[in-house]
Amino acid sequence: MTLIKSISGIRGTIGGKPDEGLSPVDIVRFTSAYGTWIKSQSSNPGKLKVVIGRDARISGEMVSNIVVGTLQGLVIDVIDLVFSTTPTVE
């Protein structure tokens, strides 16, 4: 499956080459871009929190770990709801 980028998120098959599927490199890139953007929009970038959640797919834990590590590397606190619906995370 080709990597799909839209208003509703990023979709793709886990693995493969960067920019073709949804590789760990792609996950880090998108997460870093998001974290950098929210920091630039904040009046207090030292006190940021991001809430994440996931579904029960096998790849979810791996994706979640990459997202958490990337955001923490940007000094953003992460609240991980683990299994949750999109409306709950919103």
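View 1. The lining of the largest pocket comprises 14 nonpolar, 11 polar and 5 charged residues. Ala, Val, Leu, Ile, Met, Phe, Trp, Tyr, Cys and Pro count as nonpolar, Asp, Glu, Lys and Arg as charged, and the others, Gly among them, as polar. The model is predicted: local features need pLDDT of at least 70 and side-chain atom pairs pLDDT 80 or more, whereas totals for chains, interfaces and linings use all residues. Residues are numbered from 1 along each chain as its sequence is written, and side-chain values use heavy atoms, without hydrogens and water.

View 2. The largest pocket has a volume of about 1400 Å³. On a 1 Å grid over the protein atoms alone, a pocket is an open set of points where a 1.4 Å probe fits, with protein on both sides within 12 Å along at least five of seven lines; lining residues have an atom within 4 Å of a point. Of the 30 lining residues, Ile10, Arg11, Gly53, Val63 and Val67 are the closest to the centre.

**View 3. Crossing of α1 and α2.** The axes of helix α1 (residues 24-41) and helix α2 (residues 60-73) come within 9 Å and cross at roughly 40 degrees. Axes are lines fitted to C-alpha atoms, for helices over the stretch in contact, with angles from 0 to 180 degrees between N-to-C directions. Helices are DSSP runs (H or I, at least four residues), numbered from the N terminus.

Terms used
Helix = DSSP H or I, 4+ residues; strand = E, 2+ residues; numbered from the N terminus. Points joined across faces, edges and corners; volume = space filled by probe spheres on them.
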